[in-house]
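Please read it alongside the sequence and the coordinates.

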Amino acid sequence: MSTQQHEAPVVVVGGGQAGLATSYHLSRLGVEHVVLDAAARAGDSWRHRWDSLRLFTPPRVDHLDGLDLGRRGRVPTKDEFADYLERYEREFGLPVRHGVRVTRLAADGAGFRLEASDGEHRAEAVVVAMSGLQVPRVPELADRLSPRIRTLHSTGYRNPSQLADGPVLVVGVGNSGAEIAVEAARDHETWLAGTEAGHLPFRIDGWFGRNLGTRVVAFVFRHVLTIDTPVGRRARPVLQSRADLLVRERPRDLRRAGIRRVPRIESVRDGLPVAADGTVLDVGTVVWCTGFRTGLEDWVDLPVLDEHGRVRQVRGVTDVPGLYTVGQDFQYAKASEQIPGVSRDARYVATRVAEELVGRPSPVG
């Protein structure tokens with residue numbers, strides 16, 4: 001049976017906020033393209049996260065270029081933002097093909113070949129529009145835990161009904177770990193393993209946070225912590241190698257919730273997790289909030305990835321002519337992987353794609 005063939009000048013891989021923002025700007029520039037997205041609907045990566053998740057920033061900044069979120073007041077829930085992404089795709093008639101998973105990206109003469117679940121695609125240019133939060137990372141010692149302990153990664157957690165009887169151990173003190181631990185502590189004895197990288201000096205849900213604090217942080221993330229400033233260049237490798245600051249939950253909140261703290265989990269003894277200080281934790285559930293790997297190494301067959309699986313690039317432009325990226329952590333600024341910052345990167349990359357396509361003949365057709 002022959003493989004179905006598809007051709008387009010530009011293929012965008014990923015239909016989340018990075019892919020939709022890129023598609024919006026390519027469309028405005030008149031660049032013919034297609035977006036390939038493994039999800040069934042726009043916004044599904046948000047819908048499939050835990051039920052109580054809310055965004056950190058208010059509606060005035062939680063939107064992409066061209067379309068406001070359409071509401072004011074409280075911070076949007078993850079489902080409200082997912083619905084916004086679906087509306088964004090529909091509003092601008094973006095050429096997204098859902099349910100199409102790309103399994104290999106390789107060079108093909110002067111262009112690229114993409115192997116996907118719907119056949120083979122050839123393109124002059126490709127934009128990898130995906131964040132680094134793709135493949136859950138779970139430590140090897142998880143396989144040595146007792147089978148009576150229920151284990152799940154934060155990507156599989158929805159609500160406390162999934163937690164087994166008995167104490168709960170949440171591993172990882174990023175924002176996901178802190179919020180899930182606080183929710184679990186309402187009905188379970190809860191342990192939280194690890195050390196936070198710090199926290200914002202103000203309450204993001206308070207008056208100051210909503211009206212002033214988030215504006216200051218957004219300005220710093222968009223305009224100060226960039227690859228164009230000395231402070232941004234110094235901060236970039238540090239920020240890429242550690243967890244983000246706690247935004248909504250703070251160490252004081254964790255104590256008030258009755259959460260017990262232990263250092264990182266280092267080993268397993270008799271099927272039970274053991275912390276670095278020797279504490280053996282007899283728990284019923286372990287929730288791994290231990291981050292992700294990009295997963296790009298699983299399907300990008302081009303010499304553009306660094307040792308961490310990130311695309312080597314400058315403002316989304318790689319050393320491979322015709323290959324671009326949008327949505328990477330600190331691609332241009334600290335805001336690059338966040339909703340308020342992704343549109344700027346998408347606009348820059350779309351402009352570069354359009355300029356390159358005008359200047360060279362098409363290898364397909």
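This is a predicted model: local features need pLDDT of at least 70, side-chain atom pairs count only at pLDDT 80 or more; totals for chains, interfaces and linings use all residues.

A pocket here is an open set of grid points with protein on both sides within 12 Å along at least five of seven lines, and its volume is the space filled by probe spheres set on the points.

**Second largest pocket**

- The lining comprises 15 residues, and R60, V61, H63, R222 and P340 are those nearest the centre of the pocket.
- Helices α5 (207-224) and α8 (339-358) each contribute at least two residues to this lining.
- By class, the lining residues comprise 6 nonpolar, 3 polar and 6 charged.

**Aromatic pairs**

- In total, the structure contains 7 aromatic pairs.
- The ring centres of W46 and F81 are 5.2 Å apart and the planes meet at 70°, so this pair is classed as edge-to-face.
- Because W46 belongs to helix α2 (residues 44-47) and F81 to helix α3 (residues 78-91), the pair ties together parts that are 35 residues apart in sequence.
- W46 counts as buried because its relative accessibility is 12%, under the 20% limit.
- F81 also counts as buried, with a relative accessibility of 0%.
- One aromatic cluster is formed by Y24, W46, F81, Y84, Y88 and F92.

**Charges over rings**

- R49 is positioned over the face of W46, 5.5 Å from the ring centre.
- R315 is positioned over the face of Y348, 4.1 Å from the ring centre.

Definitions and conventions:
Residues are numbered from 1 along each chain as its sequence is written. Side-chain values use heavy atoms; hydrogens and water are left out. Rings of Phe, Tyr and Trp (its six-membered ring) pair if their centres lie within 6.5 Å; planes under 30 degrees apart count as stacked, over 60 as edge-to-face and the rest as tilted. Helices (H or I, at least four residues) and strands (E, at least two) are DSSP runs, numbered from the N terminus. Buried means under 20% relative accessible area, exposed over 50%, partly exposed in between (1.4 Å probe, protein chains only). A charge sits over a ring if NZ of Lys or CZ of Arg is within 6 Å of the ring centre and within 35 degrees of the ring normal. On a 1 Å grid over the protein atoms alone, a cavity is a set of points where a 1.4 Å probe fits but cannot get out, and a pocket is an open set with protein on both sides within 12 Å along at least five of seven lines; lining residues have an atom within 4 Å of a point. Ala, Val, Leu, Ile, Met, Phe, Trp, Tyr, Cys and Pro count as nonpolar, Asp, Glu, Lys and Arg as charged, and the others, Gly among them, as polar.
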